[in-house]
Amino acid sequence: MSDVFGISISALQAFQTALQVTSNNIANANTPGYDKESIELTSAIPQSAGSAPIGAGVNVAGISRAYSQLSANQLNISQSNLGQLNSLQNYTSQIDNIVGTTAGGLSTAIQNYYSAWSTVSNDPTSTAARQALLSAAQSVSAAFSSTNGQLQGLNSNINSAVAADVTQINSLSTSISALNQQIIVGTADGGGQPPNDLIDQRDQLVSNLSKLVGITTTAGSNGAVNIFVGNGQPLVLGNVTSALTTIPNQFNATQLEVSIASNGANPISSQITSGDLGGLLAARTQAVDPAINQLGQIATALSQTANAQQNSGLDLNGQLGANLFSVGGPQAVSSASNTDGTSATVSIANVGALTTNDYVLRYQGGAYSLTNASDGSAVAFTGSGTALSPISAAGLSIVLSGTPASGDQFLIKPTAQAAATFSVALTSTSQLAAAGAIQTTAANSNAGNATISSGTVITASNPALLNPVNIQFTSATTYTINGGASQPYTSGSNIAQNGWQVQISGTPVAGDTFTVQSNAGGTGDNRNALASANQQTLGVLSNGTVSVNGAVGALITGIGSQAQQVNTAQTAQTAVNSQALQNVQSVSGVNLDEEAANLLQWQQAYQASAQALSIANSTFTFFMDSINGTYS
Amino acid sequence: MRVTQGLNQTQFITALDSLESSLSQTQNQVSSGLAFTTPSQNPIAAGTVSNYDQVLAQSKQYTANGNSAQTGLQTEDTALTQVQNQLQSLRSLALEANSGTQTGEDLSAIAAQATQIQNTLLTVANTQDGNGQYIFSGFATQTQPFSLTATGAAYAGDQGQQHVQIAAGQTVAAGDNGDVVFNQIKTGNGVFTAAANAGNTGSGVIGATTVSGAAGYTGGTFSINFTAANTYNVENAASVVVGTGTYTPGQTITYGGAQIALSGQPAVGDSFDVAASGNQSLFTTVQNLVTALQAGANSASSKPALNNAIAGALNNIDQAISQTSTVQANVGGRLNTITTQQSQATSQQTQLQQSISSLQSLDYASAITSLDSQNTTLSAAMQAYTLTQGLTLFKYIQ
């Protein structure tokens, strides 16, 4: 009879535990990271082996959690990718908005600037038209600086976000290693029974960590987990944490990079390609910096062409035009780890060959190498870095102050600061050079029918540009310049002198004289204004194939395409992530209907066991009463 | 597949987010009337619209430039018409003075009228446009181009010519400088000029001069000298006699492609000088005429000299009329070019506006349709959620 008591009691205990497990499942139905638990029952082995052995009840063998390592890993990877795209998308969509609104303003401002030149060309002496032009130029400058300012703002947001991510990653790592320790101890104390709730908690933290940074995990001893980032740098090894830290970029102290604290000098930013942190770093190198460079390229092209035209014309005071725009040129930044003081100077040799890339110049083993800073690909160059033989590549000319120490590096940024520093250099309307620098005159006494073109300036820097020059014909086929050597004349061919060029066409007669001289006083001349207005469609960038206008359009299309591409990738990854979550949930999630059925199942089993106990009890009482004769 | 209530919840919320975001985007489109509000919604169209906008703005600027050039050219056209009118009056005055019946007082009166014409011409040559810029001073638009001198007028402008951009790659001259209009006027018949020597004493008067022969005028500078009343020789610039001939009054003397009609009877020793045409200022021509008229008024005996001077002046006035007509014809041509260009620009602008509109403007029919269908999807999703939320086994456990 005692067997029935023992069996029933073991069943009562087991079903009570089962009810507890089910209640616990229901209680944690909405707990993130909770894995559905189930009771494992085994039948107790009978102690005495009779002719027909009868079971001895039920034992709780353990409580297991529903968990698939494969699904969990897939979810972590998918969360890392989604985290990366989410934070990247956050920035590309902001750039998209900036470009959609303020760069739209930039495009209008540039349009108005060129139109203002056209208006000046219609009435070159009008102060009102000139003032409108200066204002239009100011608007261009404001549009550049506001667009650039907003982009720079994104970069400082990225810096704070990187620092915040690193703090959070470190805090998660510390918690994970602490949980690892408890799991190791708990597993040992539990006689091999895993402490499910600790593991659930730990795995949830690992899952949260995977949203922040792409990780790989391996199983450690006694239920611990080891976590690695980048190319296998350990973050958590059992109960030991290796913290991440932020360090300043070697070329730019205001830009934060990520490194392992124990190996601080070596940034691992380039290895972190997923998770929120990966997205932030990608946003900086793939979206914000290229946009700033592209904007700078447009600013550089606009100012260079405008200034060159301005320099080859005369202002209202009869002076050669001064620069209309001032813009910061290319920069060469020495690495903070350079071991000697050699500096590099960069200048623009050919604005048409400028790219939107940054470059790294490295001196190693007695030779220079030039690489694209974004992808590390080698860039061909000529020259040896001296003033006589500058390093020439990508429209740039690089001169070093000496021979750098081996291993020294310089970051070459061709257009990064151009948009930020773009400003209007002129203050007075009379300084706008609307007139051509030279004017030509055919003497009224000329007997021949030869005519002279109005002349163009080829080299504005020629000091003799504005000196008066007489071209005198000594016969129909020869002429002298300022009484110099006789030169052969061909109708319509170029005659160049003092940095200018004219054409004389027709048939001159000996004694015919043409004069080329300064156009000072020619305030009604609009040739330079016309040329300035025509720069709107003049091919400048990409080796003279893309106009300033075209570059603005290309900027808008490029930014829009990138944002669109990231949006699409994010949508796709959201679906992938939802699928991965579904896979995990279908294994580990708590289904309340299931639990309701389980509740009923265990309740009924408990009730039956209790009934068995009751029957055993009444049977036993009946038996005792029969013996005592109280049964009647 | 095993589904849990938690997953259902998460998926519903995700779906709700995405549905509401598309709904809000469509709603934005409908309320703004724009097919895209950020470049990412249609990167190619956004870039293209930016480029079209630039082309459109440029085209409108070209139209404005054309209007400005039109105003300038019309001012010039009016001025040139005035010059022609003055020259025609001057021509009539010269013919009147040449008629032979004029007394000294008459000639004085005519000279005074010619001086008046000279002053009017000066005023016209110093015409300023609406902005106070001199239209005939080349680039030096702030410098008064002409001022009278004893022999004509001095020119303070230059030979610059303003051009205006009226289309991509097309400019049109917005004016002409004073040298071209007033100073670079050929003398004589435009090829050569013949003048009586100042010391002539006979009554020989030069008539019409023409160029003959296929080779044209080859004579260079030469003079016709009367060695007797009816014989002359031709001397070249080096005073070498290169030809001789006999003369009867009214005869045309031909040398080196130049045909010179001569009337009257030159005295022995009289000569007539022939040279290739050069440039002479209109003001010099008028001044010379005035001077000759005044000299004629003071001495009745110098009639042939007056006649010769008037004949020369008439030639020069005709050249000036022809020169200003040519310039005026050019101005008319430019005005036509601008008009043609502007009508092309107008149709280009319409075209561009249509293109921009087709890229940028919302197709309301399809936007409203998708708004409707997104709305339906969203409310269906909500309905489905509420329905499935009611389904739980616990409801039936009593």
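The radius of gyration of chain A, taken over C-alpha atoms, is 41 Å in this predicted model, whereas a compact globule of 632 residues would have a value near 26 Å, the globule rule being 2.2 Å times the number of residues to the power 0.38. Along its principal axes, the C-alpha trace of chain A spans about 165 × 50 × 35 Å. Local features need pLDDT of at least 70 and side-chain atom pairs count only at pLDDT 80 or more, while totals for chains, interfaces and linings use all residues. Residues are numbered from 1 along each chain as its sequence is written, and chains are lettered from A and ligands numbered from 1 in the order in which they are written.

Chain A contains ten helices and 28 strands, where helices (H or I, at least four residues) and strands (E, at least two) are DSSP runs numbered from the N terminus. Buried residues, defined by 20 or more other C-beta atoms within 10 Å of their own, with C-beta atoms placed from the backbone, account for 43% of the 632 residues of chain A. Of the contacts in chain A between residues at least 6 apart in sequence, 71% join residues at least 24 apart, a contact being a pair of residues whose C-beta atoms, placed from the backbone, lie within 7 Å.

An automatic or database domain assignment divides chain A into domain 1 (2-66 + 591-628), domain 2 (71-288 + 544-582) and domain 3 (438-518). The centres of domain 1 of chain A and domain 2 of chain A, taken over C-alpha atoms, are separated by 54 Å, and eight residues of domain 1 of chain A are in contact with seven residues of domain 2 of chain A. On the side of domain 1 of chain A that touches domain 2 of chain A, strand β2 (residues 58-65) of chain A gives the most, with three residues.

Chain B has seven helices and 14 strands. Its radius of gyration is 41 Å, well over the 21 Å that the globule rule gives for 398 residues, so chain B is more spread out than a compact globule. The C-alpha trace of chain B spans about 155 × 45 × 30 Å along its principal axes, and 35% of the 398 residues of chain B count as buried. Helix α5 (residues 282-298) of chain B, with 17 residues, reaches 25 Å from its first C-alpha to its last, close to the 24 Å expected at 1.5 Å a residue. The buried residues of α5(B) include Leu282(B), Phe283(B), Leu289(B) and Leu293(B).

Conventions:
A residue is buried if 20 or more other C-beta atoms lie within 10 Å of its own, exposed if 12 or fewer, and partly exposed in between; C-beta atoms are placed from the backbone. Two residues are in contact if their C-beta atoms, placed from the backbone, lie within 7 Å. The expected span of a helix is 1.5 Å times one less than its number of residues.
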